[in-house]
Amino acid sequence: YEVKYQKGGNCDGGYIKLLEDGFQTSGKEFSDTTPWVVMFGPDNICPGTKLHFIFRHQNPVTGEFEEKHLSSPPKPTFGKNTLHSHCQVSFAYNHYLTETDAQSSGLLLEDFTPPVNPAKEIDDPEDKNPEDWVNEKRISDPDAVTTEPYEILDEDAVKPEGWLDDAPANIPDPDAEKPKEWDDEEDGDWIAPTVPNPACDEAPGCGEWKRPYKANPAYKGKWYARMIDNPAYIAEWAPRKIANPDFFEDLEPVKHPNNIAGIGVELWTMTEDILFNNTYVGHSIDDAKSLAAETYEVKKHLEAALSARKDVGDEGDYYIPLFLEDPISHIRGKIAQFLDAAREEPLSAIKAHPETGVGLAGVVFTLFGMLAALFGLIGSQQTKPVAKKTDTSTPDDKQQTDSTPVAPAGGEKKDAGPARRRK
């Protein structure tokens, strides 16, 4: 079948499930619990990418079904808007073949986990580890001698003068009194509470003087005993083996699957527009290759030719001409491509188109710089000097004359004008 992730894969997958006969009449909608026989397809897990190939195999003894996963699945690519073809073939002689971007082949009886056929013997679930069994192969050497301690006694320290060796640090409170309601028979002997010894406040200290510790100059770090072989160790304990009650041997599992009656497409995705097309289920490898040659191969070559005209990092449905062909259209296409990608994942857009991101950032910073310079120039031209009133005299003040008439000393004051009648 063909699958195209038009917007790329982002922690998702699209598998083809060959559904088990009977799902049509189960009365339930198709879901992840619908019984299937084979599951195959790409899975872009986080992190990692692989091509799933899983088949359900029934234990003929217990009747239970178990999924068998390809142990080392190939890794497909998840190119955006790129067509992919996936093919899985199982042969009657227990071989398998997966064809995708990377091819893988092997044996059904050897390359799947858990294996098709269980082990003939299993661990006895009733067998327990003896209590006296020693499991430690190596132990710390009990005879190892520790190194220098972190601190040692300060041999140079001297007991301060006036130290009160016989004085206790706390004494009974001399002001405490026995409560009146105290009953010696019921409450016992009354003992006064203790208080700090006031004599110790005046002296360097009270009680037994002990030499202080100091940092050991010979200390080299935390010490660990060396490891030696454990003399009591015999061997690593393991439970005894017993015959597997569920053992069976299916040498041709490809001949025993349940009947297939339908196809289901299961999607686990956070992206849209995933296209599936040209699915083939049958017994002829030649027919499958013929269908692929008529459909997938034709479209693949056409898309490759179209992709050659586009930029390698094309992230959308844009045709971006070369810069020399049409510089303006080239720049517009690059910007539109970057903005579309940035709407979904800004960091991914910058990583995918670093030159466009840097160019846009440069344009924005240049624009802001030009605006800042422009506003600064206009503001400087509109600035006017502001007169500031002060109490000190200035040269202008000396040039001004007071026109108010002043009477000469000892003379009479002349009227500046006609007298006004009081009303």
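A disulfide is a pair of cysteine sulfur atoms within 2.5 Å of each other. By this rule the count here comes to one: cysteine 200 and cysteine 206 form it, with their sulfur atoms 1.8 Å apart. The torsion about their S-S bond is about -125 degrees, so this disulfide is left-handed.

Before going on, please keep in mind that this is a predicted model, in which local features need pLDDT of at least 70, side-chain atom pairs count only at pLDDT 80 or more, and totals for chains, interfaces and linings use all residues. Residues are numbered from 1 along each chain as its sequence is written, and side-chain values use heavy atoms, leaving out hydrogens and water.

Now let's look at some rings. Phenylalanine 40 and phenylalanine 53 form an aromatic pair that is edge-to-face, 6.2 Å centre to centre and with 85 degrees between the planes. (Rings of Phe, Tyr and Trp, the last by its six-membered ring, pair if their centres lie within 6.5 Å; planes under 30 degrees apart count as stacked, over 60 as edge-to-face and the rest as tilted.) Phenylalanine 55 and phenylalanine 112 also form an edge-to-face pair, at 5.2 Å centre to centre and 70 degrees between the planes. Ring pairs link Phe40, Phe53, Phe55 and Phe112 into a cluster.

Finally, meet arginine 56. The charged end of arginine 56 sits over the ring of phenylalanine 65, 4.6 Å from its centre, and arginine 56 also lies over the face of tryptophan 36, at 5.8 Å from the ring centre. A charge sits over a ring if NZ of Lys or CZ of Arg is within 6 Å of the ring centre and within 35 degrees of the ring normal.
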